[in-house]
Amino acid sequence: IKKDSKKVWSLSNFDIGRPLGRGKFGNVYLAREKESKFVVALKVLFKQQIHESNVEHQVRREIEIQSHLRHPHILRLYGYFHDEARIYLILEYAPKGTLFKELQAQPLKRFEERQSAIYIKSLASALQYLHERDVIHRDIKPENLLLGHKGDLKIADFGWSVHEPNSMRTTLCGTLDYLPPEMVQGKPHTKNVDLWSLGVLCYELLVGRAPFLATEYDDTYKKIIKVDYKLPDHVTKAAAHFISKLLVSNPQQRLPLDQVLIHPWILAHTQ
Ligand SMILES: Cn1ncc2ncnc(NCCc3cnc(NC(=O)Nc4cccc(C(F)(F)F)c4)s3)c21
């Protein structure tokens, strides 16, 4: 969006298209800015629900953090506006949708090692950019990873991102699947939580399900604390080694991002 970022936007500046996704706080729609014909995604958040869930501070922080980020693998937040009932986020449109949808579309519901390594490398470089700015994403999962028109990965939804270091304040809701031991135990946590999630994501891309999946909430809890996961036989030794360096209970012992980017499994599949 070329206009100066101080511009005050309103709904009348946009033609609204089809829904792209539905969320707890509101839906996201394809939209086109009328003057420039620039296509965006418009995420609508209902103030009532935001207020009831006491996450106003998170929306403000998301806007503050993401509007200053510029990286090829981070979805742009171009701006925002609000009316009496809703907050609108003006987002970069990702034509190939979520990685979650792409994963479901795979014949075996999982990716080959090469494709998985390409996604993981893109994500690791985006996380390196965030961590250099002391930003922790904290919500890395296939639903929050989008694909550009070339199938290139983009991290989205900074609704849970914070500046490091941090101790959990807002009660967690939704799936535990991606949370590291220190967060499920409500301990203060650092950017190393994103390294754990990178390992969980790598497992899910290669296997087709999350490593600590369980039917009961507290079974997942127990498996996370014990780092209790198994890898199917089709996963190569190099991939298994890579995952084992990230799914480590002690946050300090997780493979740092600069090592992730030169791990033999990543180098073998991406040049
Ligand atoms: C599905 N899809 N397909 C193509 C496509 N192209 C672009 N975007 C899409 N989807 C939207 C992706 C998002 C980006 N940023 C978000 N941010 C957010 O959702 N923030 C947010 C929400 C609820 C509560 C809170 C908080 F803080 F109050 F807790 C914060 S959602 C697309």
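Colleague: A polar contact is a pair of N or O atoms within 3.5 Å; within protein, one must be able to donate a hydrogen and the other to accept it, and residues adjacent in sequence count only if both atoms are side-chain atoms. How far is a nitrogen atom of the ligand from a polar backbone atom of Ala94?

Modeller: This is a predicted model, in which local features need pLDDT of at least 70, side-chain atom pairs count only at pLDDT 80 or more, and totals for chains, interfaces and linings use all residues. Residues are numbered from 1 along each chain as its sequence is written, and side-chain values use heavy atoms, without hydrogens and water. Ala94 is among the closest of the 21 residues that surround the ligand (a heavy atom within 4 Å). From its polar backbone atom to a ligand nitrogen, the distance is 3.0 Å.

Colleague: How much of the ligand's accessible area does the protein cover?

Modeller: On its own, the ligand has 670 Å² of accessible area (Shrake-Rupley method, 1.4 Å probe).

Colleague: Which residue in β3 is the bridge partner of Tyr29?

Modeller: Strands are DSSP runs of E of at least two residues, numbered from the N terminus, and two of them pair if DSSP finds at least two bridges. Antiparallel β2 and β3 (residues 39-46) share 5 bridges and form a hairpin with 5 residues between them. Tyr29 is bridged to Leu42.

Definitions and conventions. Helices (H or I, at least four residues) and strands (E, at least two) are DSSP runs, numbered from the N terminus.
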